[in-house]
Amino acid sequence: MKKTIFIALALLVSAFSTPAQADSKQKKGNKQPTVLTTAIDSVSYAAGVFIGEQMKAHLLPQMNSSFEAWGDSIHTDTFLEALRSVVSNDPTLIPVSEALPYFERQEKAARTQSETAYRQKNEQWLAENKQREGVQTTESGLQYKVITMGTGVRPTSTDNVEVKYEGRMINGEIFDSSYKRNEPTTFRANQVIPGWTEALTHMPVGSKWKVYIPQDQAYGEREAGGQIKPFSTLVFT
């Protein structure tokens, strides 16, 4: 998605800049007219609004998110300077042919750095949680705390189970809740993430536990549901 948006915007810039190169050279150094007196003024301005809105809504937030590990946001002035150079057909500090490959390499490096830091944060959280009173750890590394121990049978992995649950990130943010929907969810115990399957097959019917699922028993390096980042520890009640 990011690459698609980046390329699409680049093509838009090229499309609008090509027929206006001669005009841009004549007006080089002049300020953008504040009054739209001709049709080409209006078309040029509308193109700028459209491209600017697309960048603001899609490209810039994604860029800032990708490079958050660097502790800074995209420098808008530098970004606009490069954009103006391309539109005006002026030399650029990074060759146009190398811009996208360079951007993608740096984005990958920043994303890897960010994910590594996030993964370490989640692992540290689990290590500390393991020491809390009442928390037990299975051989797989799954952690749980019994709130209520039921008296019914323990389901097998192929049994259908009816569950009421709430899922949170380690920062307390709720990403899913059957309580809010006011209805339980029914599924086969082995049709969910491994951490759920393990917990469910150890819980007698009628139990209420708090379960802390390491990322390798959840979604691992995958993003899920738009809220769960790669390498996330998940906390379910």
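In which loop is Asn89 placed? Asn89 lies in the loop between α4 (76-87) and α5 (96-129), where helices are DSSP runs of H or I with at least four residues and strands are DSSP runs of E with at least two, numbered from the N terminus. The model is predicted: local features need pLDDT of at least 70, side-chain atom pairs count only at pLDDT 80 or more, and totals for chains, interfaces and linings use all residues. Residues are numbered from 1 along each chain as its sequence is written, and side-chain values use heavy atoms, with hydrogens and water left out.

Phi of Asn89 is near 65°, a positive value in a residue other than glycine. Asn89 counts as partly exposed, at 44% relative accessibility (buried means under 20% relative accessible area, exposed over 50%, and partly exposed in between, with a 1.4 Å probe and protein chains only). A positive phi, near 60°, is also found in Asn182, a residue other than glycine. Asn182 occupies the loop between α6 (178-181) and β6 (185-188) and is exposed, with a relative accessible area of 70%.

Two glutamines are buried. Gln143 belongs to strand β2 (residues 143-148) and has a relative accessible area of 3%. Beyond its neighbours within four places in sequence, Gln143 is in contact (heavy atoms within 4.5 Å) with residues including Leu126, Asn129, Val135, Lys210 and Tyr212. Gln217 is located in the loop between β7 (208-213) and β8 (234-236), and its relative accessible area is 7%. Residues up to four places away in sequence not counted, Gln217 touches Ser140, Gly141, Leu142, Ile193, Pro194, Gly195 and Glu198. The C-alpha atoms of Gln217 and Thr197 are separated by 9.5 Å, the two residues being 20 residues apart along the chain.
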